[in-house]
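Here are my notes on the model you sent. Please keep the 3D view open as you read.

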Amino acid sequence: MMLIINMNRKRIKPLSKRAEIVLQVLGGMIKAGRIERNMSQANLAERVGVSRYTISLLEKGNPNVGIGTVLESAIIVGIPIMEDDVRQMTKVSQAIANLIEILPSKRVGKKVELDNDF
């Protein structure tokens with residue numbers, strides 16, 4: 001199990017094995033896509049706006065790489081993340097925003113008394 005450490009060196013909840021594997025697979029896919037396009041890590045880093053070291057960490061599945069960096073890298077090397085059609089993704093995004101608006105905003109604080117007297 002991989003333990004995430006934030007910038008302040010405080011311990012954060014460790015990742016599940018499944019999350020670790022997904023990060024490693026996605027990092028490997030990004031690396032393969034980069035190589036297929038004859039891009040160096042430095043080239044990809046420049047296009048994404050990060051350091052070559054960050055791309056190296058991303059390709060190894062490091063959980064501390066920002067999600068935006070991961071997604072932008074995947075898009076640049078041609079890995080389909082969701083939907084390529086921007087109009088369709090905009091519709092999906094709006095549908096999700098509408099759903100979130102109708103969901104209860106708070107669930108914290110409401111305690112339900114359980115009757116354990118059988």
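1. **Basis.** This is a predicted model, where local features need pLDDT of at least 70, side-chain atom pairs count only at pLDDT 80 or more, and totals for chains, interfaces and linings use all residues. Residues are numbered from 1 along each chain as its sequence is written, and side-chain values use heavy atoms, with hydrogens and water left out.

2. **Fold.** The protein chain has 5 helices and 0 strands. Helices (H or I, at least four residues) and strands (E, at least two) are DSSP runs, numbered from the N terminus. Of the 118 residues, 22% count as buried. Buried means under 20% relative accessible area, exposed over 50%, and partly exposed in between (1.4 Å probe, protein chains only).

3. **Core.** The largest nonpolar core has 13 residues. Such a core is a set of buried Ala, Val, Leu, Ile, Met, Phe, Trp, Tyr and Cys residues joined through side-chain atoms within 4.5 Å. Ile 30, Leu 44 and Val 77 have the most contacts inside this core. The elements giving two or more residues to this core are α2 (41-48), α3 (52-59) and α4 (67-76).

4. **Ile 30.** Contact means heavy atoms within 4.5 Å. Not counting residues up to four places away in sequence, Ile 30 touches Leu 44, Leu 58, Val 70, Ser 73, Ala 74, Val 77 and Ile 79.

5. **Helix α4.** Which residues of α4 are buried? They are Thr 69, Val 70, Ser 73, Ala 74 and Ile 76. Seen down the axis of α4, these buried residues fall within an arc of 165°, so they line one face of the helix. The arc is that of the directions from the helix axis to the C-beta atoms. The buried residues of α4 pack against α1 (17-36), α2 and α3. On the other side of α4, Ile 67 and Ile 75 are exposed. Just after α4, Gly 78 takes a positive phi of about 90°.

6. **Cavity.** A cavity is a set of points, on a 1 Å grid over the protein atoms alone, where a 1.4 Å probe fits but cannot get out; lining residues have an atom within 4 Å of a point. A volume is the space filled by probe spheres set on the points, with grid points joined across faces, edges and corners. The search of the whole structure finds 1 cavity of 30 Å³ or more. About 50 Å³ of space lies in the largest cavity. Its lining includes Ile 30, Leu 58 and Val 70. α1 gives the most to this lining, with 4 residues.

Technical notes
On a 1 Å grid over the protein atoms alone, a cavity is a set of points where a 1.4 Å probe fits but cannot get out, and a pocket is an open set with protein on both sides within 12 Å along at least five of seven lines; lining residues have an atom within 4 Å of a point.
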